[in-house]
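Dear colleague,

Please find below the structure that I am handing over to you. My notes on it follow directly after.

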Amino acid sequence: MTPAEITPSVDMSLLTLFLQAHWVVKSVMIGLICASIWVWAIAIDKWLLFRRTRAASDQFEQAFWSGQSLEELYRTLSARPADSMAALFVAAMREWKRTFEGGARSFAGLQQRIDRVMDVSISREVERLESKLLVLATVGSAGPFIGLFGTVWGIMTSFQSIAASKNTSLAVVAPGIAEALFATAMGLIAAIPATIFYNKFTSEVNKQAARLEGFADEFSAILSRQIDENG
Amino acid sequence: MRPDRSFAASASLHAMVFGIGLVTFDARPMVVAPTESMPVDIMSMSEFSQLTRGQKTAPKAEKPKHVAEKTGEVKPPDTEAKKIADKTIDSATPPPLPPKVERPPEPEPKKAEAKPEPKPEPAPKKAEAKPEIKPDAEALEKLIAKTEKPEKKAEPEKKAEVKPPPKPVDRPKQPPPVAQTPPDPNSKFDTSKIAALLDKRAPQRAAASGAEVSHTASLGSVTGQAQQLSQTEIDALRAQIQRCWNPQVGAAEARDLIVRVRIALNQDGSLAGQPMLVDHGGGAYFQVAAESAMRAIRRCAPYTLPVAKYEAWRDVEVTFDPRDMFRG
């Protein structure tokens with residue numbers, strides 16, 4: 001900050017706050033804005049994803065418990081790429097059919113295989129649901145610190161301006177402090193929604209995972225009954 | 001889900017928020033008025049505890065003190081104009097310069113001059129005044145021109161009936177001839193000056209009120225409890241004793257003959273008992289020094305000290321130190 005900028009009346013709009021800042025503070029602010037944009041993009045993405053997943057699961061459960069033939073359901077679902085619960089069902093049914101169509105003599109390992117396949121698809125689904133949530137967690141926890149770093153740097157420069165002008169009046173100190181605090185504000189703006197979204201989506205993922213586990217157990221029980229009847 | 005679309009949505013959301021921020025968050029330009037620093041005195045804890053008791057709301061003074069006026073000898077004022085101005089008002093003081101005596105000092109003649117009869121008078125007066133004042137003729141002429149302006153103006157007025165005013169001094173409007181002070185073009189109306197002019201007392205006077213201890217301190221802290229003698233009272237006691245003390249200038253090692261004497265005093269300032277030596281040093285010279293100190297205390301016996309602080313000086317220890325005479 002040059003002494004020319006230290007005038008008794010300081011323009012305090014957002015743009016001048018940004019433009020007057022040191023380049024380190026500027027880069028911190030830009031990084032935090034990018035992080036905030038990313039966080040909100042992930043949040044929108046995830047919100048749509050969860051809404052879609054919930055709707056698809058509801059739809060699938062309705063179809064599954066409607067008394068429709070499993071073979072028929074499998075045929076309709078395997079035609080198009082399915083997700084979450086439908087994918088679980090398709091994976092289990094594929095394993096079942098492969099065993100029966102292969103003309104296997106023993107069904108001893110079938111139950112375990114189906115369980116394992118369903119576990120794999122559950123973990124794959126959960127991974128898909130909670131992908132990028134770590135970004136939210138990172139921004140939520142590191143954002144304030146990054147903003148604080150910008151603040152510390154800005155206050156350092158404002159102290160340097162005090163030393164340069166040998167004057168501790170508010171007019172000398174205030175602009176530097178204001179732009180420095182602006183960096184912390186940016187960090188908080190990025191971090192607070194990130195933390196909120198992270199908590200919300202983590203609980204959503206847990207809910208979805210529990211729902212998939214429940215379905216997998218139920219389907220496994222049904223298939224186990226079938227195996228016992230066949231065997 | 002297409003991440004690029006959610007990214008676009010997020011970016012547009014941020015752009016919107018910052019756009020609103022740019023428009024609305026136009027914080028008023030921060031104008032900092034320069035503040036004056038406040039002078040601060042640092043006082044020690046003991047100074048603070050030694051504050052005398054007082055109230056901020058204490059009455060200022062019960063009655064005005066009698067002001068003794070002393071009029072010194074009349075000194076010639078620094079400016080002649082002032083003197084003349086004084087004279088025009090204060091006719092009681094004898095005019096020190098002869099040329100002014102010829103001018104009638106009373107305001108009545110001036111009024112009379114406004115009439116046509118005394119018109120010839122001022123002119124010859126000036127005429128004869130001028131040759132007489134040789135030493136400071138120029139200054140006096142100027143002064144006379146100033147002081148007698150009303151008169152002079154009265155003249156042209158009369159003349160104006162016959163011919164236009166010959167002097168540029170004249171103004172279209174005539175000041176009333178009763179005006180005693182000459183109107184100075186570069187002076188402003190000042191009531192304090194008028195008051196000073198109306199002051200009949202001698203300008204050399206020196207007003208003074210008698211020294212008196214104020215019984216209601218208007219300064220000091222409410223919690224102040226100090227009954228200690230203040231420095232001025234110690235000085236007063238020291239000065240009173242000092243008058244009567246003849247230190248032993250000729251004694252060997254006179255510098256070290258420090259005598260400390262304890263004095264008990266009555267409320268009226270007289271000695272309540274014999275002064276006592278605090279420490280008895282050795283040597284013949286010390287005895288002599290102690291004797292001289294005792295003598296001094298007895299000789300100046302009734303001391304005048306503030307009665308209000310009697311508790312503080314009822315029992316005083318005085319140090320007779322030849323190096324700095326005394327220390328209370």
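I begin with A:Q112, which sits in helix α5 of chain A, residues 110–130; helices (H or I, at least four residues) and strands (E, at least two) are DSSP runs numbered from the N terminus. A:Q112 is exposed at a relative accessible area of 52%, where exposed means over 50%, buried under 20% and partly exposed in between (1.4 Å probe, protein chains only).

Some conventions apply throughout. The model is predicted, and local features need pLDDT of at least 70, side-chain atom pairs count only at pLDDT 80 or more, and totals for chains, interfaces and linings use all residues. Residues are numbered from 1 along each chain as its sequence is written, chains are lettered from A and ligands numbered from 1 in the order in which they are written, and side-chain values use heavy atoms, with hydrogens and water left out.

Chain A as a whole

Chain A contains seven helices and one strand, arranged along the sequence as β-α-α-α-α-α-α-α. Of its 231 residues, 43% count as buried. Taking contact to mean heavy atoms within 4.5 Å, residues 24 or more positions apart account for 80% of the chain A contacts with a separation of 6 or more. The accessible surface of chain A is about 12000 Å², and 62% of that belongs to carbon and sulfur atoms; accessible areas come from the Shrake-Rupley method with a 1.4 Å probe, and for residues only the protein chains shown count as cover.

An unreviewed UniProt entry annotates residues 23–44, 133–156 and 176–198 of chain A as "transmembrane region". UniProt positions are given in the numbering used here, feature names are shortened, and annotations may be inferred rather than shown by experiment. In the model, the span 133–156 is 100% helix and 0% strand, with its end C-alpha atoms 35 Å apart. The span 176–198 is likewise 100% helix and 0% strand, and its end C-alpha atoms lie 33 Å apart.

Nonpolar cores

A nonpolar core is a set of buried Ala, Val, Leu, Ile, Met, Phe, Trp, Tyr and Cys residues joined through side-chain atoms within 4.5 Å. The largest has 42 residues, and those with the most contacts inside it are A:F60, A:F64, A:F89, A:F215 and A:F219. Two or more residues each come from α2 (23–64), α3 (70–79), α4 (84–101), α5, α6 (133–165) and α7 (170–230) of chain A. The largest share, 13 residues, is given by α7(A). Leaving aside residues up to four places away in sequence, A:F215 touches A:F60, A:F64, A:M85, A:L88 and A:F89. A second, separate core has 27 residues, including B:W245, B:A289, B:A293 and B:A296.

Salt bridges

With a salt bridge defined as a side-chain nitrogen of Lys or Arg within 4 Å of a carboxyl oxygen of Asp or Glu, the count over all chains comes to 12.

One of them joins A:K132 and A:D45, with the closest N and O atoms 3.9 Å apart. A:K132 is in the loop between α5 and α6 of chain A and A:D45 is in helix α2, so this pair ties together parts 87 residues apart in sequence. A:K132 is partly exposed at 36% relative accessible area, whereas A:D45 is buried at 9%.

Another forms between A:R54 and A:E204, where the closest N and O atoms are 2.7 Å apart. Because A:R54 lies in helix α2 of chain A and A:E204 in helix α7, the pair ties together parts 150 residues apart in sequence. A:R54 is partly exposed at 34%, while A:E204 is buried at 7%.

A:D58 and A:R211 also meet in a salt bridge, at 2.3 Å from N to O. This pair links helix α2 of chain A, which holds A:D58, to helix α7 of chain A, which holds A:R211, across 153 residues. Both are partly exposed, A:D58 at 40% and A:R211 at 23%.

In chain B, a network of salt bridges links B:R260, B:R262, B:D315 and B:E317.

With kind regards
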